Amino acid sequence: MFENPQFQKMDELSEKKEPFFFLINFLMDEIRIFTKNEIENNALLIDFPNITNVNYQHATISNFEWNLFPETLEDYKKGFDIVQQNLRKGNSYLTNYTTKTEIKTNLNLEDIFQFSKAKYKVLFPGEFVFFSPETFVEIADNKIFTHPMKGTIDAEIENAENILKNDPKEKAEHYTVVDLLRNDLSMVADNVQVKEFQRIDYIKTKQKNLLAMSSEIEGEIKPEYQNKIGTILQKLLPAGSILGAPKPKTLEIILEAERYERGFYTGIAGYFDGKNLDSCVMIRFIEKENERLFFKSGGGITHQSDLASEYEEMKNKIYVPIY
């Protein structure tokens, strides 16, 4: 894992109680920090619960084209098999395997940012847009909170909530991530506890409505980590919900199995307001490459996973929450 001097810069800003916005890529070797002036100058567009620099034009979009060109099942299987071999050997017990899918749409990145609905949205002009429902960590009054989101199902399926909560594979995956993040928080916090377990959220989209399963974990930041946002994040990253467990070996498996670079996808973005922090995992992510658009998506693989279901889940997550 890389040592990045930008983490120290984040510590310095948070100790001085200076607000800043940041983007950290998956491998933590690229960190972009934006001061209050840069945020106000629209160096990037942000719409977060605790900050926005966007004035929306109240336009609606009546119809939009949305075509996917996913890799074949055979190509997906190549990486899936590498993950499964490692799971069978005991090198990992949960690996988040992702891929990228070309999409064709009559919307550009700016349109997708403007019309999509999500808790966290960022547009980095000319590069990428994301519309994430998933909080990474929040820090308020020296308490730290995380909300791992693991497990999704088509909301239209009869009895979908019960099926999701009781599906052995989804349940095992959720338990694993909750356990992993509880352990992660314990590195920087005391009195870590699970406050809410297996909450179900409804996510509405034009293509398909989904149910997603989340839990909430909280703790009290240890004195030596207070006002050190960079040090805390360096300890906690990469985010367990999009990596797997155990972290170091699972990262090796991902780098071998995935045949593309995640870049900022599955990294984190956040805003420190001078006192408190809110951050999210950069999922539901569309990247522009040489005038083509690619949607990056995936899911957690366990030894109980079957190829066809995981391939379908990867495709189900390729949506834009525009309705």
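This is a predicted model: local features need pLDDT of at least 70, side-chain atom pairs count only at pLDDT 80 or more; totals for chains, interfaces and linings use all residues.
Colleague: How are helices H3 and H9 oriented to each other?

Modeller: Take the axes of H3 (residues 73-89) and H9 (residues 307-316): they come within 11 Å and cross at roughly 105°. Angles of 65 to 115 degrees count as roughly perpendicular. The two helices are therefore roughly perpendicular to each other.

Colleague: And how many charged residues are in the contact of H3 with H9?

Modeller: On the H3 side you've got Leu73, Tyr76, Lys77 and Phe80, and they meet Leu307, Glu310, Tyr311 and Met314 in H9. By class, that contact has six nonpolar residues, no polar ones, and the charged count is two.

Colleague: Over to the strands: is E8 mostly covered or mostly open, and how many of its residues are buried?

Modeller: Look at one side of E8 and you find Phe128, Phe130 and Ser132, with Val129 and Phe131 on the other, all buried. Both faces are covered, then. For the strand at residues 128-132, that makes it mostly covered, with the buried count at five of five.

Colleague: Which residue in E8 stands opposite Tyr120?

Modeller: E7 (residues 120-124) pairs with E8 in the antiparallel sense, over five bridges. The two form a hairpin with three residues between them, and Gly126 in the turn has a positive phi of about 75°. Opposite Tyr120 stands Ser132.

Colleague: What is the bridge partner of Phe130 in E17?

Modeller: E8 and E17 (residues 285-289) run antiparallel and are joined by three bridges. Within E17, the partner of Phe130 is Phe285.

Note on methods. Residues are numbered from 1 along each chain as its sequence is written. Side-chain values use heavy atoms; hydrogens and water are left out. Axes are lines fitted to C-alpha atoms, for helices over the stretch in contact, and angles run from 0 to 180 degrees between N-to-C directions. Helices (H or I, at least four residues) and strands (E, at least two) are DSSP runs, numbered from the N terminus. Angles under 35 degrees count as roughly parallel, over 145 as roughly antiparallel, 65 to 115 as roughly perpendicular and the rest as oblique. Contact means heavy atoms within 4.5 Å. Ala, Val, Leu, Ile, Met, Phe, Trp, Tyr, Cys and Pro count as nonpolar, Asp, Glu, Lys and Arg as charged, and the others, Gly among them, as polar. Buried means under 20% relative accessible area, exposed over 50%, partly exposed in between (1.4 Å probe, protein chains only). Two strands pair if DSSP finds at least two bridges between them.
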